[in-house]
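Please look over the structure shown here with attention to its charged side chains. The report that follows is concerned with how some of them pair.

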Amino acid sequence: KLNKFRMALEDARKAVKKKCMEPYTQFEKQVKEVLSLIDEPIGLIDSQIKEVEEARRVEKKGQIMDLYEKHIGSLRGLLPFPHIFREEWLNTTKSLKSIEKEIQEMVAQVNRDMDTIEALHTKYERHVVDYYIRTLDLAGALQENARLEEQEKLLLQRQEEEKAQKQAEEAVKEAAERGFQEPAPELEEAALYNSDMPASEKQED
């Protein structure tokens, strides 16, 4: 009996809940329909905004490229536009005037740095210039030149040491060969002395 009573209560609860939820279920369905109608134009507007923003960025990048062409001068081959371009230049907060100033300062700095590298008169100039162009770091490029020169110095020193060692080994080898093939100079002198000595003197000895 208790089980039947419990089942009856549970069924009644479910029925009341279903009855109470009917207005909410209907309301939820209506809201979702309205939201779907709203989401469609919102998505369209967002898409249009993105297209407008992308068009603005493309236009500004073209204007920045014009500034690059205006000021790059003889550095065109060393500093192509993608190498100096900064993504933050496309922000709306970054004015073309400030970007032009940055480009001018960059070109002037690179010219000064290239003059410094040329003044080194180093045999590694091409390598040092390549390093500098990759990094735009003059201090690093100078360190790279010093590293290459030190490397060459150590190599030459090692070659001289190996040459000296080889000469020393050859001298020892030649001396050893002479020891087997020729009498020592002092033995030769003693032999000559004995051959010239009178017989009486030899007997006395």
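The sections below take up the salt bridges of this predicted model.

## Overall count

Side chains of opposite charge can pair when their charged atoms come close. With a nitrogen-to-oxygen cut-off of 4 Å, the predicted model comes to 9 salt bridges. Among them are the pairs Glu28 with Lys32, Arg56 with Glu53, and Lys94 with Glu102.

## Pairs within helix 1

Helix 1 spans residues 2–71, and within this helix Glu28 and Lys32 lie 4 residues apart, so that about one helical turn separates them. Their side chains form a salt bridge with an N to O distance of 4.0 Å. Glu28 is partly exposed, its relative accessible area being 31%, whereas Lys32, at 53%, is exposed, because the exposed class begins over 50%.

Arg56 and Glu53 also belong to helix 1, where a spacing of 3 residues again corresponds to about one helical turn. The salt bridge between their side chains has an N to O distance of 2.8 Å. Arg56 has a relative accessibility of 23% and therefore counts as partly exposed, and Glu53, with a relative accessible area of 33%, is likewise partly exposed.

## The pair Lys94 and Glu102

A further salt bridge joins the side chains of Lys94 and Glu102, with 2.8 Å from N to O. Lys94 is partly exposed at 25% relative accessibility, and Glu102 is partly exposed at 27%; neither residue counts as buried, because that class requires a value under 20%.

Definitions and conventions
Residues are numbered from 1 along each chain as its sequence is written. This is a predicted model: local features need pLDDT of at least 70, side-chain atom pairs count only at pLDDT 80 or more; totals for chains, interfaces and linings use all residues. Side-chain values use heavy atoms; hydrogens and water are left out. Helices (H or I, at least four residues) and strands (E, at least two) are DSSP runs, numbered from the N terminus. Buried means under 20% relative accessible area, exposed over 50%, partly exposed in between (1.4 Å probe, protein chains only).
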